[in-house]
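Hi everyone, thanks for coming. Let's walk through this one together, starting with strands and ending with helices.

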Amino acid sequence: MTFVAGLTLGRRFHDEVLAPILRRRFPDLRYAAGLLDGGSELLGLDTPRSTDHDWGPRGQLFVGAADAARIPQLRAALDADLPAEFLGWPTRFTGEGRLGVADRAGSRHGVTIDEPGGWWRERLGFDPAAGVTTADWLATPTQRLAEVTGGEVFHDGLDGALTGARAALAWYPDDVWRHVLAAAWTRVAQAEHLPGRCAETGDELGSRVVTAGLARDLMRLGLLLHRRWPPYDKWLGTLFARLPDAAPLVAALADALGPGDWRRREDGLVRALEDLAARTDDTGLAAPVRARSRPFHRRPFLVLDAGRIAGALRAAITDPVLRGRPPLGAVDQYVDNVDVLTHAHRVRRLAAALPVAADRPG
């Protein structure tokens, strides 16, 4: 079978198979169709390796609330009328997981049918068609936002509802963006002096581990600065390397993570930190800091003193409630657990449990 990019396969599957079945069987049906539900193909990053699971001719159909009662009929019609394969790929799936593996002997087809509001609430915990609150933004992992805005709508016969909901999730409002960036720089400020201290005590392994954590945070920060939703770790480096003028940053972090000694590691980190500090200034979201590296107090290693960048961003927030929040940011800036981040109800419960105002002394 010849590999076809998943979004291309999905569009053709809709146009050449699903749409004709729906026109013939349900000529009055108003629906939307697309792929928004996860998978490397939504980011245009699928390869032949991706075809071994959760990949194949598939799609999502959405019908309005008035037609929700017809969903069982629609599923039955597709089950009866779908061809055994499309472009050489089986349209049935077998095995565990969201879809399992494309298999001619499989028992399930890869087309889901939902009412849009219910699907959004299940996927994200809210319906963006009704508006996106600050709490919604901060309780939504960026991987989820990357998926639903990075997939594709093949047809939108619901008065543009699906397209409009995706547009509402295109990017953070400026104050939320400031808050999330401030949280990212706060994380850097909390750790940027540790690689040097570890190395000073002879703990090269510890120094490298802390440096790797900083590199991950800086890669996510770079994407956020360029209005790109950071994906989960498998694709983080790929999308980071595609940022505008990414080559110096990639080289700097490669040096920081490479086989050299602490001084080479420090040089790479400093270059990356100063580059991203300048890019933060360039957003115009806060007064420019023009931060350059300097010694950490009287100790013999360099830091950016990243807290001053976080402070400038926080000072520029105009929403008094958001400005008063502790600098924790969005949920995936303080939670790194797949079994939390992939379940909307869990992640929202956790985010809702956090304080909405910074702790005050006294």
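A quick definition before we start: two strands pair if DSSP finds at least two bridges between them. Helices (H or I, at least four residues) and strands (E, at least two) are DSSP runs, numbered from the N terminus. What you see is a predicted model, where local features need pLDDT of at least 70, side-chain atom pairs count only at pLDDT 80 or more, and totals for chains, interfaces and linings use all residues. Residues are numbered from 1 along each chain as its sequence is written, and side-chain values use heavy atoms, with hydrogens and water left out.

Let's begin with strand E1, residues 31–35. E1 pairs with strand E2 (residues 59–63) in the antiparallel sense, over four bridges. Gly34, for instance, has Gln60 of E2 as its bridge partner. E1 also pairs with strand E9 (residues 152–156), again antiparallel and over four bridges; there, Leu35 is bridged to Glu152.

Are the faces of E1 covered or open? Both are covered: Tyr31, Ala33 and Leu35 on one side, and Ala32 and Gly34 on the other, are all buried. Buried here means under 20% relative accessible area, with exposed over 50% and partly exposed in between (1.4 Å probe, protein chains only).

Three of them form an open antiparallel sheet in the order E6-E5-E7. The edges are E6 (101–102) and E7 (108–109), each pairing on one side only. E5 (residues 92–94) joins E6 over two bridges, and Phe93 has Ala102 in E6 as its bridge partner.

Seven of its nine residues are buried, so H5 is largely enclosed by the rest of the structure. The buried ones are Thr142, Gln143, Arg144, Leu145, Ala146, Glu147 and Val148. They pack against helices H3 (116–124), H4 (134–138), H6 (161–168) and H9 (204–225), where contact means heavy atoms within 4.5 Å.

How do H3 and H5 cross? Their axes come within 11 Å and cross at roughly 150 degrees. That makes H3 roughly antiparallel to H5; angles under 35 degrees count as roughly parallel, over 145 as roughly antiparallel, 65 to 115 as roughly perpendicular and the rest as oblique. Axes are lines fitted to C-alpha atoms, for helices over the stretch in contact, with angles running from 0 to 180 degrees between N-to-C directions. Trp119, Trp120, Arg123 and Leu124 of H3 meet Arg144, Glu147 and Val148 of H5.

That's my tour, so over to you for questions!
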